[in-house]
Amino acid sequence: MQTLVVGAGAVGGYFGGRMLAAGRDVTFLVREKRAALLAKNGLQIKSPVGDLTLSNPPTVQKENLQQHYDLIILSCKAYDLADAIESFAAAVGPQTVILPLLNGMQHLDILSQRFGAEKILGGQCVIASTIDADGAIRHLNTFHGMTFGERDGASSSRLAQIEKEIAGAGFDVNVSSAILQSMWEKWIMLASLAGSTSLMRSTVGDILQAPGGEQFITALLEENAAIAAANGHAPSGPFYDRTRKMLTEAGSTLTASMFRDISNNARIEADHIIGDLLRRGREANTKTDLLQVVYTHLKTYEARNQHAK
């Protein structure tokens, strides 16, 4: 399969780089600055599971897209989604399948409206990674997996083909018959972790030491789980128990990437991760008091940052 990875950042660069190293036909759609850096330094991955340097990986810029691809892997931040769509639109042909790895659910509607629902798989990934100042991708732990599936839960020949293409590339791959449920459960976990650590500007362990800290985290998790249930995706008991345990572990240094972005005065996915969940909760007439506080806080941060520019 000919695969186009949109961007060569901390997520797309990692998974696409592993695929390229395993001999897959991968091209990275990048901006001019990133293309120059990749040509100069190569695609570098620094990881506890094995470092990798790929000299001069195949890249293309949007104005030079002249072919359709079989698979497009999309892993941009939600606030870059509109620009990303315009950049890869010319690569979408009659048989193209788009595999988005964004958090939340709103992007599925946006992509479906633009390209047709039949072209869009459900997908998610598990990885903690960042980009160093020199452009190298730093993998922060040993978790690196990708899960995807048809949104209606069906099996399909294209799923089998994509699984064959991605499997064996040096990271975990799972085809799911309940991908929307998996995406909702990850969304609940992420909104609870990002919401609490971003609002409190601290780690889970520090929040738990504060009066009312544990009650806040667990109440936010309960709110988010109720919203999912009202939308037909109640979290399973084992998932809920694991998530609650993770969010109430004494001494935990866990934070969300959104908190780290705030610490660096960077852009955040406030609307996609928190705002859209809040909207769905209101439409379902569920309790959203704590989620509203989180959202107001994040939008205030965005307003302050915008005024500072």
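Helix axes here are lines fitted to C-alpha atoms over the stretch in contact, with angles running from 0 to 180 degrees between N-to-C directions. This is a predicted model, where local features need pLDDT of at least 70, side-chain atom pairs count only at pLDDT 80 or more, and totals for chains, interfaces and linings use all residues. Residues are numbered from 1 along each chain as its sequence is written, and side-chain values use heavy atoms, leaving out hydrogens and water.

**Helix packing**
- Helices (DSSP runs of H or I, at least four residues, numbered from the N terminus) α3 (residues 81-88) and α4 (residues 106-115) have axes that come within 12 Å and cross at roughly 30°.
- That makes α3 and α4 roughly parallel (angles under 35 degrees).
- On the α3 side, the contact (heavy atoms within 4.5 Å) uses Leu81, Ile85, Glu86 and Phe88, while α4 brings His107, Ile110, Leu111, Arg114 and Phe115.

**Salt bridges**
- You'll find 15 salt bridges in the structure, meaning a side-chain nitrogen of Lys or Arg within 4 Å of a carboxyl oxygen of Asp or Glu.
- Glutamate 150 pairs with arginine 158 at 2.7 Å, N to O; glutamate 150 is buried at 9% relative accessible area (under 20%, 1.4 Å probe, protein chains only).
- Arginine 158, at 23%, is partly exposed (between buried and exposed, the latter being over 50%).
- Glutamate 302 and lysine 299 also pair up, with their closest N and O atoms 2.7 Å apart; both sit in helix α12 (residues 289-308), 3 residues apart, about one turn of the helix.
- Elsewhere, shared partners link Asp109, Asp276, Arg279, Arg280 and Glu283 into one salt-bridge network.

Note on methods:
Helices (H or I, at least four residues) and strands (E, at least two) are DSSP runs, numbered from the N terminus. Angles under 35 degrees count as roughly parallel, over 145 as roughly antiparallel, 65 to 115 as roughly perpendicular and the rest as oblique.
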